[in-house]
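Subject: Structure handover

Hello,

Please find the structure below. My notes on it follow.

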Amino acid sequence: MELKFLTLLSEQEINYQVLLQKRLGKTKLRWYHTLLFIRTFRKLSKEIEVLRNLDPKKVEESPNCTIRRPEDIDSISYGAMVELQILFQNPGDRDIGELITEQIAISCYESHTKKDFDSDSEEFKKFRILVSEQDVVYMLGLHNWVHEQVEACIEKWNRLFKEVRTYDQDWDNAGGSAMDKFNILNTIKKICTSFNLTYYQALQVSYGLSQANSLSEATRYYIQDKMRIAIEARMKAKQQS
């Protein structure tokens, strides 16, 4: 059973007529299609029974999966990771099958095709179709890997940045948090400056490298702030003595 049928399978009442039409690729069945119809229906019923008894969140990766995934989610490009996180946070009105297909396609496009990520390209659209035509169980296992990787990645970098975060009461009182909306733009600017890259090239830098670069700068500011506090404390102590 292909991933593209997942939305139909997830409905409380399965529409076998629509499912059979999509599986057979026919909107009208003639009398001479009877034998094909019966065979397909029996096979479909068995597959649906197996899938209905699956817990999708417990499906593990299969070694038979032909979609090549990255070693870890940090290795996908910054541009891909930004789109992937946006998709996780705001799936919009996508149905479950479309959402899983899109998330897998974004995560695995570069590792599978060895090409730069561009969600508007014809190559990416073709790859998305390829993903949708894969075995649904294999894709559920792959999607669970992607989901776990994204959550762990976000948690890891949030923890690392929190360790070197500097607090400025005046900045906070003045509404400095409003600058958070420019985080993506600022990160791209940092990549361009640090590695002398164009905007498009910056989007192809791995997410792990982009975050490490930003963490390096944040750590520098953190150390400078600690030094400033220490110097001010010494000066104040001298004035009081």
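Which residues gather in a patch of negative charge on the surface? They are Glu60, Glu148, Glu151 and Glu155. This is a predicted model, in which local features need pLDDT of at least 70 and side-chain atom pairs count only at pLDDT 80 or more, while totals for chains, interfaces and linings use all residues. Residues are numbered from 1 along each chain as its sequence is written, and side-chain values use heavy atoms, with hydrogens and water left out.

Patches are made of residues with over 30% relative accessible area and no salt bridge; like charges are joined within 9 Å, and nonpolar side chains (Val, Leu, Ile, Met, Phe, Trp, Tyr) within 5 Å. A salt bridge is a side-chain nitrogen of Lys or Arg within 4 Å of a carboxyl oxygen of Asp or Glu.

The protein chain has eleven helices and zero strands (DSSP runs, H or I of at least four residues for helices, E of at least two for strands, numbered from the N terminus). Of its 241 residues, 36% are buried (buried is under 20% relative accessible area, exposed over 50%, partly exposed in between, with a 1.4 Å probe and protein chains only).

Glu155, from the negative patch, sits in helix H7 (residues 136-163) and is exposed at 58% relative accessible area.

Ile223, Met227, Ile231 and Met235 make a nonpolar surface patch of about 370 Å². Met235 belongs to helix H11 (residues 207-240) and is partly exposed, at 47%.

Gln134 lies in the loop between helix H6 (122-132) and H7. Gln134 is buried, at 15%, and a polar atom of its side chain is 3.0 Å from the backbone oxygen of Leu130.

Regards

How values were computed
Accessible areas come from the Shrake-Rupley method with a 1.4 Å probe; for residues, only the protein chains shown count as cover. Lys and Arg count as positive and Asp and Glu as negative; His and the chain ends are not counted. The place of a charge is taken as NZ of Lys, CZ of Arg, CG of Asp or CD of Glu. A polar contact is a pair of N or O atoms within 3.5 Å; within protein, one must be able to donate a hydrogen and the other to accept it, and residues adjacent in sequence count only if both atoms are side-chain atoms.
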